[in-house]
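Thank you all for coming; I would like to walk you through a few local features of one model. Please keep the sequence and the structure in view while I speak.

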Amino acid sequence: MARSRSSSSSSKWRYCNPSYYLKRPTRLALLLIVFVCVSFFVWDRQTLVREHEVEISTLSEEVNQLKNMLEELKSVDGDAVKLIGEKKDLPDEPIDVERRQKVKEAMIHAWSSYEKYAWGHDELQPQSKRGVDSFGGIGATLIDSLDTLFIMGLDEQFQRAREWVANSLDFNKDYSASVFETTIRVVGGLLSAHDLSGDKIFVEKARDIADRLLPAWNTPSGIPYNTINLAHGNTRNPGWTGGGNILADAGTEQLEFIALSQRTGDLKYQLKAENVIAELNKTFPDDGLLPIYISSDRGIGSYSTITFGAMGDSFYEYLLKVWIQGNRTSAVRNYREMWEKSMKGLLSLVRKTTPSSFTYICEKHGGSLTDKMDELACFAPGMLALGSSGYGPADSQKMLSLAEELAWTCYNFYQSTPTKLAGENYFFHPGEDMSVGTSWNILRPETVESLFYLWRFTGNRTYREWGWDIFQAFEKNSRIETGYVGLKDVKSIPTL
């Protein structure tokens, strides 16, 4: 029995003895094959585990980065977002309701006079009570007011205007129109009306006028001419520019033409407008500052003024807003990069007055600076506030602080005159703070728009109060029986 158990045990363990396989080559080969297969399987599993661990680690890092970015955005925009989000749940203050109604009444006052005396014309001249066709007779005021009528709930007025657009608007005019002005007021006005109302007639009309403007882009560089005849397509730049194109004109069609391509599915509008930015980007300077005159032939700047005021302003504004319009994606990253370069340039132009330390933006002529700032440049506080959220926390706060400082200066453009209305531009001299240069006021909106942005971003009601002050000054000095008029001299109280 013992010998039998030993024999059985030896039989079991013989498979572990190498000599067993050496005497049997077939079984040895099979064993090697099994060993290799098992080894490959184990190695493959370990490799997969390691790759999986690397992927998990990478994803964890990306998640942490996104969390950090989210926290940064919250720290920058949190208060503004919270205010906007909670505003619906807060009851309106009685004073806000009263002021809102007064602003609406002001719109009704101006619009009713336009309807009565200038219906279908481009502008109303309130004192002579007649309409004039300063845009060739395409109802510029009517089209530019469509979105305001809709937003204010003036439904009857909006419907009458809509019927005029559908049945009477005709762009076949023998008139040399400004490509820039026609784009922002007419193409933009029609697209805004469509987006608010959903009425496709506005897109059809926007496409009609855009098709008439497109030949202006047929230049060697693709940078459009300033003017084009709406009926015949003849193009030119005005002689007073030295034959060059105006920077703000060339760089302020992108929002409207991209939007038109999105709503029609026809890319030709977007491609024409975006090519301008691509062309300018080829030689874009490190400080992002371009002169106000650009060659339509070569696509480069001429020796001329650099300014955030007249003829330069909206080029910089549109770089930022196209980036926002494009949902801040990589497809529009070049716009943001160009804008940030331009903001570095803007910082190089910032100075402060004495004795009150008002912050202002200089103009640049060659290598020298001029201590002058247009009221038009008061769009900059709103632009800086809007663009601040694209930076990290430190730079974001720096830009927002600069926006607030410039807004204080722009508000004082108004407060520093007897009428409490701003002149067209201001000069800054040591020890004198600011003085009016060109003293007329033509009802420009830039300062009030910036105050609105800052109220939205900061929640500080002070900006609403400043806006109300300016509105009251317009009511007091510019309102007449048949609408609103500009002032020849903001330093002199008018007799209305």
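I will take a helix pair, then the disulfide, and then some backbone details.

First, a word on the basis: this is a predicted model, in which local features need pLDDT of at least 70 and side-chain atom pairs count only at pLDDT 80 or more, while totals for chains, interfaces and linings use all residues. Residues are numbered from 1 along each chain as its sequence is written, and side-chain values use heavy atoms, with hydrogens and water left out.

Let me begin with helix 10, residues 254-264, and helix 12, residues 313-325, which pack at an angle of about 25° with their axes 9 Å apart. Helix 10 is therefore roughly parallel to helix 12, a term used for angles under 35 degrees, with over 145 counted as roughly antiparallel, 65 to 115 as roughly perpendicular and the rest as oblique. Helices here are DSSP runs of H or I with at least four residues, strands are runs of E with at least two, and both are numbered from the N terminus. The axes are lines fitted to C-alpha atoms, for helices over the stretch in contact, and the angles run from 0 to 180 degrees between N-to-C directions.

On the helix 10 side, Gln254, Leu255, Glu256, Ile258 and Ala259 meet Tyr318, Lys321, Val322 and Gln325 of helix 12, where contact means heavy atoms within 4.5 Å.

Now to the disulfide, of which the structure holds 1, the criterion being a pair of cysteine sulfur atoms within 2.5 Å. Cys378 is joined to Cys410, with an S to S distance of 2.1 Å, and the link is left-handed, with -95° about the S-S bond. Which parts of the chain does this pair link? Cys378 sits in the loop between strand 12 (372-374) and helix 14 (380-387), whereas Cys410 belongs to helix 15 (residues 393-415), 32 residues apart. Both Cys378 and Cys410 are buried, that is, under 20% relative accessible area, with exposed meaning over 50% and partly exposed in between, for a 1.4 Å probe and protein chains only.

Finally, the backbone. The peptide bond from Thr354 to Pro355 is cis, with omega near 5°, and Pro355 lies in the loop between strand 8 (350-352) and strand 9 (359-361). Lys129, a residue other than glycine, has a positive phi near 55°; Lys129 is in the loop between strand 1 (123-125) and strand 2 (130-132), and is partly exposed at 38% relative accessible area.
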